[in-house]
Amino acid sequence: MGIMNVVPGILDPIPGGKQIVNMLDYVTNWARANSLWPLTYGTSCCAIEMMSSSMARYDIARFGSEVFRASPRQADLFIIAGTITAKMAPALQMLWDQIPGPKYAIAMGACTISGGPFMYDNYSVVRGANTLIPVDVFIPGCPPRPEALFHGLLTLRDKILRESFRTPWKEGEAIDQPYADRWTEACKAWAELERIKDEEQAEARRQFKENNPDYKSSYKAVRVKKDAFPEVPRPVAPVIGLSASELFSIALEHDPSITLYNSDSKEISPDRPNDMPLDIIVSKEKYVDLISFLKNDERTNLNYYIDVTAVDWESHFDVITQLMSIEKGHKFFVRVSLPKDDSIEEEKRATSILAEIPSICHLYPAAEWKEREVFDMFGIHFENHPDERRLFVDHDFKGYPLRKDFTHPHIMKRPV
Ligand code: SF4
């Protein structure tokens, strides 16, 4: 449309030229506003509502947005639906840059407006799509329904219909003020409004008492007593596969040094619920050997790797590997306690690897990504892991987010 932008300069001075420019504006805006083609882009729950808006019940095609384009080069509307993580932000900006102008952006949902439920205590979420790209319409909600998306779409159409070749479309700018500052300003303005409201109410009460000195309120608080919810007995789950005591005695046969978690004794209490998986502690040195035995012994046959997770205690980490037998159905949790490396200087500790444990990727290929996640979040090194790279955060991210010593400049603390 670049060439069209010079048309008003030529036609406006000519008699009747203004009407021609007006007519061109009308036709072009009508075409643009009624054929917005959104880019296929959704990152989380809000995207489900966006997808629903294109189905038969809501039918976004009624507004000329028939096809969600797979390529940014064929789209002119960017509906940002869902949480934007810091790692994804460069990709979002690149997509926006690849959309040819005139182009428009809708921020759909609380996450894209401010980070939404992830605004506080979060290191990884971008607080507002408009800090990355210029946004034309914001749609509040968590998530907004398709009707709200249509309202946003119609609002955008109104905006497009007011455009003109005389003031051609040009790309806006993302705001560069940090969200924390904007939030602080908004909080101050809100507190000021509340103060004015409180003062006005106090004045109204004072005047009422002055004008009605004999007034006595007839209001009496009534307390309604509700029945307590009935106790629902916990159903006893049937034993699937081997019982915890059977599994424990098999593991003890192989390695007498193992102990039960949360118990000093080497005996399983008879009161133990059947559906509680066996949770044992083993030393780091015997970890791989025990897991290999539990996987290959035909009585236990723990052939399914459920997960690995970790807990950051003050002096040590617990790494908990969760295994299951697909055929038999029983589960087994193996816990290894890893002391933290004390030799690292205090100021470097938060960004350093503090513990190591052998990898079991050679026994369970599924462990590869899950061990990477523990490495990524806790800074625990898995020896002999084939590809130990950061998983969720950027490769140059400082620190390990699920550790107690983690701090990050983007974290906003919830005011109490
Ligand atoms: S605003 Fe709510 S529904 Fe939408 S992506 Fe965020 S958490 Fe999900």
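Student: What should I know about the model before I start?

Tutor: It is predicted: local features need pLDDT of at least 70, side-chain atom pairs count only at pLDDT 80 or more, and totals for chains, interfaces and linings use all residues. Residues are numbered from 1 along each chain as its sequence is written.

Student: How many helices and strands are there in the protein?

Tutor: Helices (H or I, at least four residues) and strands (E, at least two) are DSSP runs, numbered from the N terminus. The protein has 11 helices and 10 strands. Its radius of gyration is 31 Å, well over the 22 Å that the globule rule gives for 416 residues, so the protein is more spread out than a compact globule. That radius is taken over C-alpha atoms, and the rule is 2.2 Å times the number of residues to the power 0.38. The C-alpha atoms fill a box of roughly 100 × 75 × 50 Å along the principal axes.

Student: Which domains is the protein divided into?

Tutor: Domain bounds come from an automatic or database domain assignment. Here they give domain 1 (2-181) and domain 2 (244-383). The C-alpha centres of the two lie 49 Å apart.

Student: How do I read a sheet?

Tutor: Start with pairing: two strands pair if DSSP finds at least two bridges between them. Three strands form an open sheet here, ordered S1-S2-S3, with parallel pairing. S1 and S3 (137-139) stand at the edges with a single partner strand each, so one side of each has no neighbour in the sheet. The twist averages 15 degrees from one strand to the next. Angles run from 0 to 180 degrees between N-to-C directions; axes are lines fitted to C-alpha atoms, for helices over the stretch in contact. Five bridges join S1 to S2, and phenylalanine 78 stands opposite alanine 105 in S2. Helix H6 lies across S2 and S3, at about 165 degrees to S3.

Student: Which strands form a hairpin?

Tutor: S6 and S7 do, with three residues between them. S6 (residues 304-312) and S7 (residues 316-324) run antiparallel, joined by eight bridges. Tyrosine 305 stands opposite leucine 323 in S7.

Student: How do I find the buried face of a helix?

Tutor: An α-helix has 3.6 residues a turn, so residues three or four places apart point the same way. A residue is buried if 20 or more other C-beta atoms lie within 10 Å of its own, exposed if 12 or fewer, and partly exposed in between; C-beta atoms are placed from the backbone. In H8 (residues 244-254), Ala244, Leu247, Phe248 and Ala251 are buried. They fall within an arc of 100 degrees, so they line one face of H8. The arc is that of the directions from the helix axis to the C-beta atoms. Their cover includes strand S5 (278-282), H9 and strand S8 (331-339).

Student: Which residues of H3 are buried?

Tutor: In H3 (residues 45-53) they are Cys46, Ala47, Glu49, Met50 and Ser53. Their arc of only 155 degrees puts them on the same side of H3. They pack against S1 (77-81), S2 (104-108), helix H5 (110-114) and H6 (146-161).

Student: Is isoleucine 291 buried or exposed?

Tutor: Isoleucine 291 counts as buried, because 22 C-beta neighbours lie inside 10 Å. It lies in H9 (residues 284-296). Contact means C-beta atoms, placed from the backbone, within 7 Å. Not counting residues up to four places away in sequence, isoleucine 291 touches Thr321, Val334, Ile360 and Leu363.

How values were computed. Two residues are in contact if their C-beta atoms, placed from the backbone, lie within 7 Å.
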